[in-house]
Amino acid sequence: MHTVLGDATSYGMPEGQDPGTVACRDAAKESGMTTSDWDLIVIGAGGAGLSAAASAAERGGRVLVLESEGAVGGSMSLAAGMFTAAGTRVQEALGVQDSADRFYQHYMDLNQWRLQPGLVRSICEAAAPTLHWLMDLGLEIPAQRSTNAHMPGLGHAGVEDVWRGHTPVGEGYAVVELLERTLRTHGAELALGSRVDGLLIDEGRVQGVTVGGEEARAGAVVVASGGFAQDRALVDRYFPAARAAGEDLFVVAGAGSRGDHLRLGEQVGADLAGEGWGLLLVTAYFQQHHHWDSGFPPPSRIHVNAAGRRFMDEDVSYAVSAGLLADQQGPCWMVFDEAARLRLPDGFLDWTPARVQEEADTGRTLRADDLPALAGAMGVPAEALRRTVERWNQTLPHGTDPEFQRHLTLEAKGVVDPLPPMVSPPFYAARLVPGELVCTHTGLRIDPSARVLDAVGDVIPGLYAAGEAGGGVLGNRYVGGGNAIANALTMGRIAGLTALESARD
Ligand SMILES: Cc1cc2nc3c(=O)[nH]c(=O)nc-3n(C[C@H](O)[C@H](O)[C@H](O)COP(=O)(O)OP(=O)(O)OC[C@H]3O[C@@H](n4cnc5c(N)ncnc54)[C@H](O)[C@@H]3O)c2cc1C
């Protein structure tokens, strides 16, 4: 059993003092409770944990939230906050016809029915009521079409059958603030710097947790500790597709995403679901930040495989782009010209004219005065690359992309002007990798009520899981912008409410 607590000094604690233990004990002291006084203990104050805790506290539950880091929010606070839900007030106001049935069909089809239907039905039905609950609490989602993940309103990320992605004003952080305020208003306790390292089991039921040497007892426990993107060994084991990026892999998930749910689940024989799945975004090798810091690659670019041919719509949804890259044999490249490089705006960390120049000067990004020379450096057939660029110059810059229909994707993103052709030397090629690791999908197997199951499918009494820690909702295909947040907030709410009910029984 893993028992590492956070580094004491990182929370401003005196050296040698265990921050988790102290925070846990202080929450109990401040509330006047003993450590056996809670209905519910929630492990993690990110999207799922805050949703579980606020839901249960609102219903009068006595709730303790334990958070390993020095601040609340986890990955949720870093996110754009897009939330996929069907049959919402926002959709209705914009005349978008949608329903939980339609969402369910699409969810299952996109995942080739590899997910458990009952569980998927549960999130599809509960997502809109969860979104409405948040809006009633004060979350603002304007009834307007949004053309990018950060613009508040109703958007889509390219794989949805209807517009279903709801982005709030203030993005993910606004949800975190709202839920924290709600749970505090209803008397829940929150202890920061408290990394849970074990479960307490009495008479075959999970009855609490340990933080360092300290125990905290409750009628039920919700594991909402996020994923494992920050633990490279767990990524290698449970999401081996990420290995393809090698040393260029970079993780944008919250610092607390260390896979503690897997260690806690092992202690009680929990089954796992979602092995081998997660969300990787395709980037050039030198991009090492999420797009709002990195900036964006040149719009006028093509993605080329080892045969020197285009193989994808370069703007296709991030939900499917890593799969398209994985289908190719050999290295793949992003190719663009000097004019495209010079049109990049300054002020970002990765995608600027100077940074590309720097990479080309070192030879890591290939640069050549003509396409045959570039093809030689890339190791692709020169004639194929020449024809690929020529064909592209004759099509998309004139308005349409007959091969990959990229003009439709650009239109949906609000790009109206035709892209410039690729004609000005020197030409550049930067290796494409599935480099950005956003979230992981292997979690403790749960049923439609978020109860954790063991290897024979029986419920482990007293134990619930949600968000990335709860496995089986996020599948091999991300069902559009907002899938992971819908999972965290909706399954978190289900977990909080059902766990409270069971604790009261
Ligand atoms: C940059 C970025 C942008 C994103 N944008 C979107 C988006 O727009 N839409 C979308 O659907 N998804 C998005 N995602 C993914 C989404 O944010 C996450 O999948 C979601 O927040 C996961 O929620 P969670 O509660 O499971 O985990 P988290 O929100 O990460 O919360 C887990 C919490 O548990 C804490 N914790 C961990 N271990 C312990 C322990 N042992 N004891 C106590 N506490 C512990 C962590 O510190 C953390 O605070 C994005 C992710 C990132 C990183």
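Trainee: Is W351 buried or exposed, and what is its relative accessible area?

Mentor: This is a predicted model, in which local features need pLDDT of at least 70, side-chain atom pairs count only at pLDDT 80 or more, and totals for chains, interfaces and linings use all residues. Residues are numbered from 1 along each chain as its sequence is written, and side-chain values use heavy atoms, with hydrogens and water left out. Buried means under 20% relative accessible area, exposed over 50%, and partly exposed in between (1.4 Å probe, protein chains only). W351 is buried, because its relative accessible area is 1%.

Trainee: How many aromatic pairs are there?

Mentor: Rings of Phe, Tyr and Trp (its six-membered ring) pair if their centres lie within 6.5 Å; planes under 30 degrees apart count as stacked, over 60 as edge-to-face and the rest as tilted. Under this rule the count of aromatic pairs is eight.

Trainee: What is the angle between the planes of F286 and W351?

Mentor: F286 and W351 have 4.7 Å between their ring centres. The pair counts as tilted, with the planes at 55°.

Trainee: How many residues apart are F286 and W351?

Mentor: Helices (H or I, at least four residues) and strands (E, at least two) are DSSP runs, numbered from the N terminus. F286 is in the loop between β12 (278–284) and α9 (291–294), while W351 is in the loop between α11 (338–343) and α12 (353–362). The pair thus links distant parts of the chain, and the separation is 65 residues.

Trainee: Why is the pair of F336 and W351 edge-to-face?

Mentor: The ring centres of F336 and W351 are 6.3 Å apart. The pair is edge-to-face because its planes are at 70°.

Trainee: Which ring lies under the charged end of R493?

Mentor: A charge sits over a ring if NZ of Lys or CZ of Arg is within 6 Å of the ring centre and within 35 degrees of the ring normal. The charged end of R493 is 4.1 Å from the centre of the ring of W133.

Trainee: How many residues surround the ligand?

Mentor: A residue is near a molecule if one of its heavy atoms lies within 4 Å of it. The closest are A48, E67, D260, E468 and I485. The number of residues around the ligand is 40.

Trainee: Which helix gives the largest share of the shell around the ligand?

Mentor: α2 (47–58), β16 (427–440) and α16 (483–504) each supply at least two residues of the shell. The largest share is four residues, and the helix that supplies them is α16.

Trainee: How far is a polar side-chain atom of Y478 from an oxygen atom of the ligand?

Mentor: Y478 is in the loop between β20 (470–471) and α16. Y478 is buried, because its relative accessible area is 8%. A polar contact is a pair of N or O atoms within 3.5 Å. From a polar side-chain atom of Y478 to an oxygen atom of the ligand, the distance is 3.3 Å.

Trainee: Is E203 buried or exposed, and at what relative accessibility?

Mentor: E203 is in the loop between β7 (198–202) and β8 (205–211). Its phi is near 45°, a positive value in a residue other than glycine. E203 counts as exposed because its relative accessibility is 83%.

Key
Polar contact = N/O pair within 3.5 Å; in protein donor to acceptor, adjacent residues only side chain to side chain.
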